[in-house]
Amino acid sequence: MIKVVRGNPTPEELAAALAVVRARAAAASVTPPGAPTAKDAWADPARIAGTRLPQPGPSTWTRTYWPS
């Protein structure tokens, strides 16, 4: 809600001021291109695998054994 506290604006001046306020509010709510969104952060694989897995070595086969 906008309230005029001083002066006596004409309807044209009031409409112009309201247009500026609405344009600034609309520009502030637009996300810039390339900015990460909440969905992008949620689907980011780095969120799940924060650390790298150990590299294969000579005893790697011992960690892959699954007894039946």
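How much of the accessible surface of the protein belongs to carbon and sulfur atoms? In this predicted model, the share is 64% of an accessible surface of about 7000 Å².

**View 1. Overall fold of the protein.** The secondary structure comprises four helices and zero strands. Along the sequence, the pattern reads α-α-α-α. The protein has 68 residues, and buried residues account for 0% of them.

**View 2. Nonpolar patch formed by Ile2, Leu18 and Val21.** These three residues lie on the surface and together contribute about 260 Å² of accessible area.

**View 3. Leu18 and its separation from Ile2.** Leu18 sits in helix 1. From C-alpha to C-alpha, Leu18 and Ile2 are 8.3 Å apart in space, while 16 residues separate them in sequence. The relative accessible area of Leu18 is 41%. Leu18 is classed as partly exposed because 41% falls between the cut-offs of 20% for buried and 50% for exposed.

**View 4. Val21 in helix 1.** The helix that holds Val21 spans residues 11–28. Val21 has a relative accessible area of 46%, so this residue is partly exposed. Like Leu18 and Ile2, Val21 belongs to the nonpolar patch on the surface.

Notes. Residues are numbered from 1 along each chain as its sequence is written. This is a predicted model: local features need pLDDT of at least 70, side-chain atom pairs count only at pLDDT 80 or more; totals for chains, interfaces and linings use all residues. Side-chain values use heavy atoms; hydrogens and water are left out. Patches are made of residues with over 30% relative accessible area and no salt bridge: like charges are joined within 9 Å, nonpolar side chains (Val, Leu, Ile, Met, Phe, Trp, Tyr) within 5 Å. Accessible areas come from the Shrake-Rupley method with a 1.4 Å probe; for residues, only the protein chains shown count as cover. A salt bridge is a side-chain nitrogen of Lys or Arg within 4 Å of a carboxyl oxygen of Asp or Glu. Helices (H or I, at least four residues) and strands (E, at least two) are DSSP runs, numbered from the N terminus. Buried means under 20% relative accessible area, exposed over 50%, partly exposed in between (1.4 Å probe, protein chains only).
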